[in-house]
Amino acid sequence: MKKLLFTVLLVFGTSALFADDHEAFEAAMKKAGKTMGPLKKALDSNSFADAMPGAKNLVDIYDVTEKFWKERKADDAIKSSAVGKAAAADLLAAVTAEKSEDARAAFGKLAGTCKGCHEAHREKLADGTYKIK
Ligand code: HEC
């Protein structure tokens, strides 16, 4: 009986852990969606001050993203998270140094990771929400 109780607690504990993570990941994704448009606009017009908050957001977003996929042990997603994380750091450095060419290159590299991962790991449901696969 004790063993059963332990198992039940373990299962609930683990799923609660995943649910928390999933929530953090979904929040990061929503933030990513809101960040990219204004950030691109700021970069296109060399408004470095306007680009700064978005670049900072992306560093945090890819941090959450990488952690989430490491826990799920999906190698391709871990890899694209790492590429995105490095590009976000490059982007922030370029925006800080006001180097527009570098900033655009980093932004392009980062944006490429969104689509690849969505094609592999995101499924759109009939109600318009998404599911992880
Ligand atoms: C390593 C994988 C991965 C990367 C990289 C990634 N995404 Fe996602 N994204 C997902 C998955 C999986 C979902 C579905 C998550 C869910 O619904 O729980 C998702 C969902 C989303 C959503 C919908 C959120 C919602 O529930 O309304 C948006 C918006 C989004 N991503 C934007 C982006 C943008 C913009 C980037 C790049 C800057 C990006 N994502 C990079 C995997 C990724």
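Mean pLDDT (the predictor's confidence in each residue, from 0 to 100) is 91 for the protein, and 86% of its residues reach 70 or more. The model is predicted: local features need pLDDT of at least 70, side-chain atom pairs count only at pLDDT 80 or more, and totals for chains, interfaces and linings use all residues. Residues are numbered from 1 along each chain as its sequence is written, and side-chain values use heavy atoms, without hydrogens and water.

**Confidence**
- Helix H1 (residues 2–44) has the lowest confidence, a mean of 80, and helix H3 (residues 75–96) the highest, 98.
- Helices are DSSP runs (H or I, at least four residues), numbered from the N terminus.

**Iron site**
- Met-29 (SD) and His-118 (NE2) coordinate the iron atom of the ligand at 2.0 to 2.1 Å.
- This pair links distant parts of the chain: Met-29 lies in helix H1 and His-118 in helix H4, 89 residues apart.

**H2 against H4**
- Phe-48, Leu-58, Tyr-62 and Trp-69 of H2 meet Ser-100, Leu-110, Thr-113, Cys-114 and His-121 of H4 (contact means heavy atoms within 4.5 Å).
- The residues of this contact are six nonpolar, three polar and no charged.

Terms used. Helix = DSSP H or I, 4+ residues; strand = E, 2+ residues; numbered from the N terminus. Nonpolar A, V, L, I, M, F, W, Y, C, P; charged D, E, K, R; others polar. Donors = N, O, S within 2.8 Å, 3.2 Å for Na, K, Ca; no water.
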